[in-house]
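Subject: Handover of a structure

Dear colleague,

Please find the structure below, followed by an account of what was found in it. I would ask you to keep it open while you read.

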Amino acid sequence: MKRLGTAILLGLVAWCLAAAPVKLTVALNFPATDVTFTNIQAIAASFVKANAGVQIDVVNLPDYENTMKTKMAANDLPDLWTTHGWSVVRYSEYLRSVNDRPWFSKLSPAIKPVVSDASGRVFVLPMDIDMAGIVFNKDVLDQAKVDPYAIKTWQDFMAACEKIKAIGKTAVDIGGKSGDDRWTVGNFYDWVAPSFLVTDAKSNSVEALADGSFDWNKWKPVAQLLVTFRDKGYLNPDYTQGTWQEVGQNFAAGKDGFGLFGNYLIGEAKKYNPKGHYGFMPVPAASAGDKPSLITGERTAIGVWKDDKVMDVALKFLDYLALPQNVNLVAKGNAIPTGLAGEGYRTDAGDLTPYFEKVKGFKAFPYFDRVYLPSGMWDSMCITGVGLLADSMTIQQAADEMGNTYRTLMAK
Amino acid sequence: MKSTFGKTNIMYLPALALFLVFVVYPFVEGIRIAFTNWNGFSQHFKYVGLTNFSVLLGDRNVRTALLNTLLYGFGSTLLQQALGLAYALLLNQKFKGRTIGRTITYLPVLISAVIMGYMWYFVLQYDGALNDVITLFGGKKVLWLSRGGTAIALIIAVNTLQYLGISMIIYLAGLQNIPEMYYEAAHLDGARTWRRFAGITLPLLYPAILTSVTINLIGGLKLFDVIRALTGGGPGYATHSLATLLNATYFGSQRAGYAAAVGILLFCTIFVFTIITQGVSRRGEIQY
């Protein structure tokens, strides 16, 4: 009787273990209200429906970047997670290579170099491609009689800013608040720096930035442009205290002409004023000899933890995400191109389609801090930018600070 | 010789274990990390000897943060003592509503410092309540938090307003322990209010002053939440304390090794001032 009881108990335990669902955690850097989050959640639900015994938790980790850094330090990571532009430089140590996946050959040529390491290994599925320029409020530009596509250089851009300022609007909304919103200022540098240091094929600093020999005095014109914008009164009046939320609200309210942000600013503005007319244009060149350009990088890129306990299921879900209907859904949600190309993959940028047509043919460059600077420089860009805006730093001090951090991080 | 093991109280062992795991181990690890170039998340790093400390000595931002830390520590402590004692003296009087007065003064202590910081941010921001009042009277809006000096003063003020209740409570307890007969004797001798305060109240409040100063000084020196909520350490590095700089260096610049060295500097700063306060405390004890 005792033996029988033990056998039944063991049997029950074995049955429970066998019946326990395989649980996947997918960590996203997008908040639960974001369209990407809801789209991934919907895709996960359909995967679960088709695969009995699998359970998927799609989660947004609070303070995503820092939480992920802590998790990496502990080598205790989610099964899958989004890499928000850092699949190679920051996360590749912890991600499984995806070069062997069936969809690998379909990677769009526009994103493949951005997500490849020096040896050609790719660690994420890029579901879409962040293709950005300078966002504008078309109604404001029309009122100020500014043709965004006639702007070729920063000088032209400033002439347009004068026109916008003359009609009583903010030419460039930078946000600018120190603290949680200081990224808005770092973004300004991400948009401006390539035109001074990267895009000009005849004269650029790409090699010097990569080998650690970059002369940080060359940063001064980049920093100077920010100070010039401030001194000429092109920025929002609360340029040291403006929040990201306020940028979206001001844009929607028709108070701003330009925003140096990705097309997510359009999404933000549409939350407040869906009927507004918004578009984007290429980023001007620093000199007349160069051409305007676009900025590109990862948007929704997902990878699998290299030490994942349920690797097979995680890879199966990754392959499922790569199906045309799922890639199309996520890319459409962000109104940007799909990260995979070929049969079945289709870009639907909605209202922005005409603008994507207009910028066709312009060369795209990766986000400045993600490729041309060592990981860890982003904060210095934000802090020195805010310092310049508030006049608590000189341009020389800002360049020195950037240089010091750069040399320290390059020495590793 | 009989073993003393049987007499040993082992009930402290769980507390000791927790102390070892959550205080001693991280502290030792922090010291170890300070000698590395760890970025805070990789499994790979190198030992770099005293490099982090030599860089730290020449780092302008660390000097700014150290100076700010002292300003927050001593500035807040000074104001908290003055205001806390003033409130305690007022609320030690017998009048209707003094209990409510004590409660209101102490209430901010119960609020999270982050929430307190954000509440004040909504007052001080460009489109905040303070600028609304200014524009109501025809004035121009002011960027209150975009100048280092002003922002530091405002951080000290907010921290003071939040924690002066602690000083008030300590001083109230101290005041209630002073025997009434001393005041009666002084009164008979013709001592006026100020004389009674300087000759009786202040000296006999000495233990309370030391307790309050120590608590507020440590709190001020490791100030973090209010700075994070109000300025994030900016503009630039202008309002960083060592605690916020440590956080920014670790997570933002991904220089965990260097951040650990900043942490050791913060530890030493607090340690030195605590030792000084304790020394003063032992020398100046008053018996009555």
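Two strands pair if DSSP finds at least two bridges between them. Helices (H or I, at least four residues) and strands (E, at least two) are DSSP runs, numbered from the N terminus. This is a predicted model, in which local features need pLDDT of at least 70 and side-chain atom pairs count only at pLDDT 80 or more, while totals for chains, interfaces and linings use all residues. Residues are numbered from 1 along each chain as its sequence is written, and chains are lettered from A and ligands numbered from 1 in the order in which they are written.

**The sheet**

In chain A, five strands form an open, mixed sheet in the order β2-β1-β3-β11-β4. Its edge strands, each pairing on one side only, are β2 (54–60) and β4 (125–126) of chain A. Within the sheet, β3 (residues 80–82) and β11 (residues 301–304) of chain A are antiparallel partners over three bridges; Trp81(A) has Gly303(A) in β11(A) as its bridge partner.

Helix α12(A) lies across β1 (22–28), β2, β3, β4 and β11 of chain A, at about 160 degrees to β11(A). Such angles run from 0 to 180 degrees between N-to-C directions, and axes are lines fitted to C-alpha atoms, for helices over the stretch in contact. Two residues are in contact if their C-beta atoms, placed from the backbone, lie within 7 Å.

**A helix with buried residues**

Helix α13 (residues 324–334) of chain A has several buried residues, among them Val327(A), Leu329(A) and Val330(A). A residue is buried if 20 or more other C-beta atoms, placed from the backbone, lie within 10 Å of its own. The cover over the buried residues of α13(A) includes α2 (35–50) and α12 (311–321) of chain A. Just after α13(A), Ala335(A) has a positive phi of about 55 degrees.

**The chain as a whole**

Chain A contains 17 helices and twelve strands, and 51% of its 412 residues count as buried. Its C-alpha trace spans about 90 × 50 × 40 Å along the principal axes.

An automatic or database domain assignment gives the domain bounds: domain 1 of chain A is 19–128 + 299–341, and domain 2 is 131–297 + 357–410. Nine residues from domain 1 of chain A and nine residues from domain 2 of chain A make up the contact.

**The two chains**

Chain B and chain A each give 28 residues to their contact. On the side of chain B, helix α12 (residues 242–252) gives the most, with three residues.

With kind regards

Note on methods: Buried ≥ 20, exposed ≤ 12 C-beta atoms within 10 Å, placed from the backbone.
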